[in-house]
Each structure stands twice: as C-alpha cells, then as structure tokens.
Amino acid sequence: MPKVYLLGAGPGDPGLLTLKAKAVLQTADVVVYDYLANKSFLSYCRPDAQILYVGKKGGDHTLPQDQINQLLVEKAKEGKVVARLKGGDPYVFGRGAEEAEELLDAGVDFEVVPGVTSAVAAPAYAGIPLTHRAYASSVSFITGHEDPTKADSAHDWEALARSASTLVFFMGVKNLPDIAKNLMSAGRPAATPAALVRWGTTCRHRSLAADLGTIAEKAKAAGFAAPSLLVVGEVVRLRDRLSWFEKRPLLGQGVVVTRSREQASDLVRLLEDDGACCFEFPAIEIAPLPDDAPVRRAARELSGHDWVIFTSANGVEAFFAAMAAENLDARAFGQAKVGAIGPATAAALAARGIRADFLPERFVAESVVEGLVARGVAGKSVLIPRAEKAREVLPEKLAQAGAAVTVLPVYATRPVDQDPEEILDAMRAGDIHYVTFTSSSTVDNFFAKIPPQVFREFSPAVACAVIGPITAKTLESYGVTPAVTAEEYTVPALARAVARHAAAKRDAAS
C-alpha cells in the first residue's frame, strides 16, 4: 500500500539510526535523502530501490523544497512506498511538518518516524549535557538561520538573554557574530560559556569552546563552517571534564580499507569504533570457482587425510559450502585433524562445529610448517583448501618435510574494477591518512589501480599499515615502506596498531 515515511536519520553516527527507520529503508520502493543523512544508510536499501538525492547545503538546493514535496506526492501516487530520509529529526527544524501537510493535502498516507536530533546528540558527544542540576534546568532550541538584516526578528533576544536555559542554535555558524552580538546587547554577559560542534557524532566531529564575546572570532580563526551547532550556557563548562568522543585515537583520520567487500566489515567496524573515517576501496573480490566438482569430491573423501589445513576464513566458507552441497557436515572429517592459520580462520571453523587441533604461534605459513613438523607430519596426508592463487611456501615446505600434500583450490581472488578517482581526490584534499593492506594481493591490486609513483607523491601524509611481514615485503617491492605493521598478524591487531600510531603522531604534534 503506498505511503510516505518521514524518517529521522539521526545526527550522523550510523548507530543512532532507529530500528524502525532501518526497517522502513529495507522495504521502501523509493528512498529520498538529503545532505545531512549519512549515505551509509543507503546500504540498508533494497538493491532495486530507486535512490534520489535532494540535498540542501548552505542555500545550494539540488531540488527546491516545493519540488521535493511534489516528488514525494508523485512517487506515492505511483503506488510506491517512499522513505524520506532527513537528517536529525523530521520535526525539529527539518521542514518535516511542511512535507506532511503537502502529503495530507494530496490525500497521501504518511507516517513520521522520529530521529535523534543533533541538538541533543552533538553536544553530548562533545561532552556537553544540555541540562544539569547545577547549571541549567531547561533548554531552548533556536534557528540560527534567520536573516540578520530583516527589521523585526522572530526571536525575543531579551528573553533569551535573561533565560537561565541552555540555548542551542541550529545552523548558527553563518550568523554567529550577529547571534553573539544580539545576545550580549540584550544583556547576556560576554563571559557566558559557549561552544560550537561541527559534524557532531560523525568521524568529522569537531568542537570549539570559548566565551560568548570571543567565540565568533575564534570560530573564524579555526575555520568552523556549516553544519555546526552553537551551544550557549553554563553547561559548556563541563565539556573538558565530560569529553569522551573526542578522545578516540582515530577521530578525523581517513583510512582506506583495501580488503574484499565480503571481508571488510570487521576492519571497518574496528577502525570506526576508534573514530576513523573509512574509505572502502576493495582491491580484490572473492569469487567462486567455475567448477566446484573437485571440491565436492574432496569433501566426500575427507577421511582419507590425516590433516586438513585451512589458510583463511574464505577457504572455510567455500569448503563447507561444497560439503553442504554433498549433504555432509562436520562428521565428514572423521579422524582427520584440522589446522587453522590464525584466530579468524579458527573462529570460522568453530562456527561450523570444528575446533582446530592446531593454531600456530605466528599466523603465517612458515609457522604452520614449523608446528606441523614438530607434530610429526612426515608420511602424513595433508589437504590444503585455499585460494586458487596463493603463496606456495606451505605446500612446498610440508612436502620437503615428507608429507603427502594435496593443494585444493576452493575459491578465487580477482582484482576489482573500481575507479580510483574518489580515493585520489580524497588524498589530494588531505582527507586520507592511512591505507591498510591485509594481504599481498591487496597490495598488488591496489597499485594496479594507483601507480606507486603516484601514491608516493602523498607520502608521508598518507601512511601504509600492513598486517604482517609478508605483506610488508610485497609493499616494499613497490618502493613504499610501511609506517605501521601489526604485532600479531590479525585484523584486530592491525586496527590497534593504526590507532596507536595515530595517537603517537597526535601526541608528538601537541
């Protein structure tokens, strides 16, 4: 049944989108979104959904408001379910009520899904509570977008100046000098604490505290621009004490993730938890083999091997898919022992009912060989399900140790045909600070898209972080030295290493 949902997208942090808004995005036929709505939310949309951008940025309207209203009506009358995604809350300076009235006049069914307003969330992330028993018992939300040249202001500046309320001005940075002047002229002391919060709750979050008399000057010197909130009141005194989000080590740091899209989520989540702005640029993708008959045959013949060694979580997934196609489960391993090259691979096995009998001390092929030799692999049959193209160290060294080795390709990795211009533009703008590599193939395919001589132009502003010595060696073959190498050869360790490097760099600069 056609309907328009006016969705509050929240202030920018993807975790602050409501569950109901997410559910609507997952089912809508059409999604209409604006400038302040985080584009990452579009990943929740149906693959066949029509996505329309109607952003409004500082007076630059992709589509004027009256045409947005008409668009919503037209799409609904085509029989579509429409999600209108608006930054913050639709009814808090979001013109959601105007859109609702247009829909009502047109006879279109609508529903409002409230969102977390930036007026509450952005100051909270900056360490500023809007109310506090010792400082303020009320709060006022005010538009800062009012034309300062008009004769009669809609604001009662004297009432605002006298009030003990916390004042929160939306879109206030453009008119900041006039706002401060009007409050002080109406009697608000120049020493009143004030703060600006820009891109609050996002990886681009910044805040600036001063007093009412100097905040306009300091904001100009610091380059503060829209979108920013202005907070005026005694609660700003708590900012330094209660600040938490701005302590994240990667806040404001742009990090490129080159892992395959299927694998990137864990690394992206860890980096974003530390405040990073992640740019996904998958250098490889995981692909099934054109013929899985050899894999299915190997699954049926597992009992003929003494050891099965998995070298990646992808290998586990592909091999167990072949087992499922043969109606087999973990019991098919019989007496065969199972090894995993690292904890992520072991976790993938555990999720399928197999506890790894062997996990090396170091998560590289050389350490696997050492461990298996110590366990008497000579004369044993070893099956290695792996990528179609991979390092030959493991099978060659095991064969030299006397094992009968069968290498079984179970999936393929291939380069991703992706335009590098977005990444290059971000590097030129100074928005990228790290590029992460989790395998030699990600290095090779990254430099196939961005030539190393071009990449080196951005050094040392853009640093490289690698998961281990093998990847580091591949990177160095392109004339690029890694600035960060994970101590353990795992994705969590890589994320921690990047965060430590960024924190050390920030401390050295302060």
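**A walk through the links in this model**

Okay, let's start at Val120, which sits in helix 4 (residues 118-125). Helices (H or I, at least four residues) and strands (E, at least two) are DSSP runs, numbered from the N terminus.

Before I go on: this is a predicted model, where local features need pLDDT of at least 70 and side-chain atom pairs count only at pLDDT 80 or more, while totals for chains, interfaces and linings use all residues. Residues are numbered from 1 along each chain as its sequence is written, and side-chain values use heavy atoms, with hydrogens and water left out.

Back to Val120. Its relative accessible area is 43%, so it counts as partly exposed; buried means under 20%, exposed over 50%, and partly exposed is in between (1.4 Å probe, protein chains only). Val120 also belongs to a nonpolar surface patch with Phe93, Val139, Phe141 and Met171, and together they have about 400 Å² of accessible area. Patch members have over 30% relative accessible area and no salt bridge; like charges are joined within 9 Å, and nonpolar side chains (Val, Leu, Ile, Met, Phe, Trp, Tyr) within 5 Å. The areas come from the Shrake-Rupley method with a 1.4 Å probe, and for residues only the protein chains shown count as cover.

Now, cysteines. How many disulfides does a search of the whole structure find? One, and it joins Cys203 to Cys277, S to S 2.0 Å. The cut-off for a disulfide is two cysteine sulfur atoms within 2.5 Å. Cys203 is in the loop between strand 10 (193-198) and strand 11 (206-211), and Cys277 is in strand 14 (residues 277-280), so the link ties together parts that are 74 residues apart in sequence. Is Cys277 buried or exposed? It's buried, at 11%, while Cys203 is partly exposed at 22%. Cys45 is in no disulfide, and the nearest cysteine sulfur, that of Cys203, is 20 Å away. Cys45 is buried too, with a relative accessible area of 11%. Cys278 is also in no disulfide; for that one, the nearest cysteine sulfur belongs to Cys277, 7.9 Å away.

Strands 13 and 14 pair in the parallel sense over four bridges; to pair, two strands need at least two DSSP bridges between them. Gly254 and Val256 point one way from strand 13, Val255 and Val257 the other way, and all are buried. Strand 13 also pairs in the parallel sense with strand 20 (residues 434-437), over three bridges, and there the partner of Val257 is Thr436.

Last topic: charges. The search finds 25 salt bridges in the whole structure, each a side-chain nitrogen of Lys or Arg within 4 Å of a carboxyl oxygen of Asp or Glu. In one of them, Glu111 meets Lys20 at 2.7 Å, N to O. Glu111 is in strand 7 (residues 110-113) and Lys20 in helix 1 (residues 19-27), 91 residues apart. Then there's Arg300 with Glu326, at 3.3 Å, N to O. Arg300 is partly exposed at 48%.

That's my tour, thanks!
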